[in-house]
Amino acid sequence: MRDCHREIAEWLAPLGIQVKIDAAGNLRALYPAATSGARRLLIGSHLDTVPNAGAYDGILGVVLAVSLLEALSGRKLPFEIEIIGFSEEEGVRFGTPYIGSRALVGRLDEELLERQDANGICVRRAIEEFGLKPAEISGAQVSENVFGYLEFHIEQGPVLEQLGRPLGVVEAIAGQSRLEITFIGRANHAGTTPMNLRHDAIAAAAEWITAVEGEAKDTSGLVATVGRIQVKPGATNVIAGETRLSLDARHKLDDVRTRAVETLLRKAQQIAERRGMIVRWSTQLNQKAAAMNPFLVCQAGEAIERAGCEPFTILSGAGHDAMILAEKVPATMIFLRTPGGISHSPAEKVEIGDVAKAIESGLHLLDLLASSAMAQRGA
């Protein structure tokens, strides 16, 4: 991350823009307005990624933010522009996403700071070891003069490609539930224990995983995934005594998502009881769905049209920092087509022409906002 911050700082130095790192590890860079005391637009995305990832998820949004400032060629607008490179959005290390953006809305609380990674290191300690001061996190919150947030991001899905459209405007982001479920059975010898006397935690987990898939297929718009399985003791000749699984469930309607999770937990309980086991669960994330700001969605659509593309609104099934910022400031997102719909993979890519259209649309959007009441001082 230090190398990443250094690289971006080098890009911005020729523009006379200095980079700062806030107490949550977010990169912050301010492009001044034409006059002092102006309002501020935030543009950014996240700098972290997932294991075995691609090159564009998150970082493309930061690169495009820098590109927009370069394309202004020194021209000042009636509002400030602050570039933000969020420190942590994916939730890989600590099991909790959006750590960087939570700091901007005042939700990086004591409970989250005490969350631990696989090595027992908590968020607070990680921040300190990076050379930052957790006590100063409150200073990372967005200021009162911020009027909006814009995030460019690859779609991470196949919709725009199927429609033959390079860009889309996000109208809402689906809510997410992330849980950890543990089936506790009894470890025993694989060769000497009859099948009818087993309490196999893997078999219980497999039955439940099938139930997860079935619930998602039977519920319109629901997606549910078991993406991680940990087994103990994990030997080929031992019946598993414990299986720990992750659950990721998403839907655009929070009540549908909540009911689905409740149903799946009830099924896990039934499976465990029938097999003579115990099941336990804990919730890592319960993120509500987030609607993007209607005015900014409309302005982004017009900007895309001015760039010669047909505007299109889309639902985001993936979570983004924009859904966190939307709790406090008007927010919008512009998606770029993802060839093959592939993301979180080394095969992830973008079309160069789509990136060019994104920059062109971004410049049109800045001009539209410059003449809007939203960006005016005192609005």
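Q: At what angle do the axes of helix α1 and α2 cross?
A: In this predicted model, the axes of α1 (residues 2–12) and α2 cross at roughly 15 degrees and come within 10 Å. Axes are lines fitted to C-alpha atoms over the stretch in contact, with angles from 0 to 180 degrees between N-to-C directions. Helices (H or I, at least four residues) and strands (E, at least two) are DSSP runs, numbered from the N terminus.

Q: Are α1 and α2 roughly parallel or roughly antiparallel?
A: α1 and α2 are therefore roughly parallel to each other (under 35 degrees; over 145 is roughly antiparallel, 65 to 115 roughly perpendicular, the rest oblique).

Q: Which residues meet there?
A: I8, W11 and L12 of α1 meet V62, V63, V66, L69 and E70 of α2, contact being heavy atoms within 4.5 Å.

Q: And how does α2 pack with α11?
A: Helix α2 (residues 59–71) packs on helix α11 (residues 352–370) at about 60 degrees, their axes 10 Å apart. The two helices are therefore oblique to each other. On α2 the contact involves L64, S67, L68 and A71, and on α11 it involves V355, A358, I359, G362 and L363.

Q: Changing topic: which residues of α9 are buried?
A: In α9, L296, V297, Q299, A300, G301, A303 and I304 are buried (under 20% relative accessible area, 1.4 Å probe, protein chains only).

Q: What do they pack against?
A: The buried residues of α9 pack against strands β5 (146–154), β6 (167–173), β15 (313–316) and β16 (331–336), and against helix α11.

Q: What conventions apply?
A: Local features need pLDDT of at least 70, side-chain atom pairs count only at pLDDT 80 or more, and totals for chains, interfaces and linings use all residues. Residues are numbered from 1 along each chain as its sequence is written, and side-chain values use heavy atoms, without hydrogens and water.

Definitions and conventions: Buried means under 20% relative accessible area, exposed over 50%, partly exposed in between (1.4 Å probe, protein chains only).
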